[in-house]
Amino acid sequence: MSTDLPDVSGISLGILGGTGDQGKGLARRFAIAGHTVLIGSRSEERAREAAESLAGLAGTVRGADNATVAAEADVVIVAVPWDGHRATLESVRAELDGKIVIDCVNPLGFDKQGPYALPVEEGSAAQQAAAVLTGSRVVGAFHHVSAVLLLDPEVEEVDLDVLVLGDDREATDTVQALAGRIAGVRGVYGGRLRNAGQVEALTANLISINRRYKAHAGFRVTDV
Ligand SMILES: NC(=O)c1ccc[n+]([C@@H]2O[C@H](COP(=O)([O-])OP(=O)(O)OC[C@H]3O[C@@H](n4cnc5c(N)ncnc54)[C@H](OP(=O)(O)O)[C@@H]3O)[C@@H](O)[C@H]2O)c1
């Protein structure tokens, strides 16, 4: 695979909903890689507590409300649950203008038969983000990474490829490079944003695999 990706080592990352397992896990890994990370929350206090729990890593971790994080970070990751997705993005639309926004949200339902993909009017969570954030450069990524592994101090390398989807080559290259800042992870371009729906939906299969085999499985793309 071409390794001609930009140097992203100086990029600061903001995480909306960064107090949850996924956001905190990504924050932890990016801070280990030396990035400044801003953890966002609806509550400044919860954000500060989450940031304090990640003190002592190579990069600085700070907490603030979602709007402040959206305004101050170079690149912003959306890690809120699907049911808060649209409203969260609408509330920080102005702050995210012009920025790369990484959406890792999986619209899933759960019933007695397990996880399943929910229908999304726009096609996918990432496309909904693009529809709301018309001034931002929306990229889909980190859908399949296990928060449990991201948070586990005994896991030095996270063994998976992160599929990166988007319509802006410079933005997808940047996010591929950011994915590669997590030890063990490789960012692989996965197509235009209109192909994000099946990547998000595939998480239902991944969760089924994890439940059957009691694993934290990830996908690898061969021959690239
Ligand atoms: N967990 C995983 O392994 C994993 C893997 C890949 C992708 N994802 C995706 O990442 C996202 C976050 O997952 P998670 O497990 O970390 O979820 P979570 O813990 O349920 O939620 C993350 C944070 O979002 C905020 N939040 C909750 N409800 C909200 C609402 N209605 N509006 C705005 N903010 C709200 C909360 O922070 P405050 O209360 O502090 O605001 C919460 O700590 C999900 O969309 C999921 O599909 C998760």
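Q: What is the relative accessible area of Arg-186?
A: The model is predicted: local features need pLDDT of at least 70, side-chain atom pairs count only at pLDDT 80 or more, and totals for chains, interfaces and linings use all residues. Residues are numbered from 1 along each chain as its sequence is written, and side-chain values use heavy atoms, with hydrogens and water left out. Buried means under 20% relative accessible area, exposed over 50%, and partly exposed in between (1.4 Å probe, protein chains only). Arg-186 is partly exposed, and its relative accessible area is 22%.

Q: Which residue forms a salt bridge with Asp-161?
A: A salt bridge is a side-chain nitrogen of Lys or Arg within 4 Å of a carboxyl oxygen of Asp or Glu. Asp-161 is buried, with a relative accessible area of 2%. In its salt bridge the closest N and O atoms are 2.8 Å apart, and the partner is Arg-186. This pair links distant parts of the chain, 25 residues apart: Asp-161 belongs to strand 9, and strand 10 holds Arg-186.

Q: How many salt bridges does the structure hold?
A: One of them joins Asp-173 to Arg-169, with the closest N and O atoms 3.2 Å apart. Counted over the structure, the number of salt bridges is nine.

Q: Which helix contains both Asp-173 and Arg-169?
A: Helices (H or I, at least four residues) and strands (E, at least two) are DSSP runs, numbered from the N terminus. Asp-173 is buried at 15% relative accessibility, while Arg-169 is exposed at 63%. Because they are four residues apart, about one helical turn separates them, and both lie in helix 7.

Q: How many of the eleven residues of helix 7 are buried?
A: The buried residues include Ala-171, Val-175 and Leu-178. Helix 7 is largely enclosed by the rest of the structure, because the number of its residues that are buried is nine.

Q: Which residue caps the N-terminal end of helix 7?
A: A polar contact is a pair of N or O atoms within 3.5 Å; within protein, one must be able to donate a hydrogen and the other to accept it, and residues adjacent in sequence count only if both atoms are side-chain atoms. At this end of helix 7, a side-chain oxygen lies 3.1 Å from the backbone nitrogen of Glu-170, and the capping residue is Asp-168.

Q: Which residue has its backbone oxygen 3.1 Å from a polar atom of the side chain of Thr-172?
A: Thr-172 is located in helix 7 (residues 169–179). Thr-172 is buried, with a relative accessible area of 1%. The backbone oxygen in this contact belongs to Arg-169.

Q: Which strands stand at the edges of the sheet?
A: Two strands pair if DSSP finds at least two bridges between them. Eight strands form an open sheet with mixed pairing, in the order 3-2-1-4-5-8-9-10. Each edge strand has a single partner strand, so one side of each is left without a neighbour in the sheet; the two are strand 3 (61–65) and strand 10 (185–191).

Q: Which residue of strand 4 is the bridge partner of Leu-16?
A: Strand 1 (residues 13–16) runs parallel to strand 4 (residues 75–78), and four bridges pair them. Leu-16 is buried and points the same way from strand 1 as Gly-14. Its bridge partner in strand 4 is Val-78.

Q: Which residue of strand 9 is the bridge partner of Val-139?
A: Strand 5 (residues 100–103) and strand 8 (residues 137–140) run parallel and are joined by four bridges. Strand 8 pairs in the antiparallel sense with strand 9 (residues 160–166), over two bridges. The partner of Val-139 in strand 9 is Gly-166.

Q: What is the relative accessible area of Val-101?
A: Val-101 is located in strand 5. Its C-alpha atom is separated by 14 Å from that of His-143, 42 residues apart along the chain. Val-101 is buried, with a relative accessible area of 0%.
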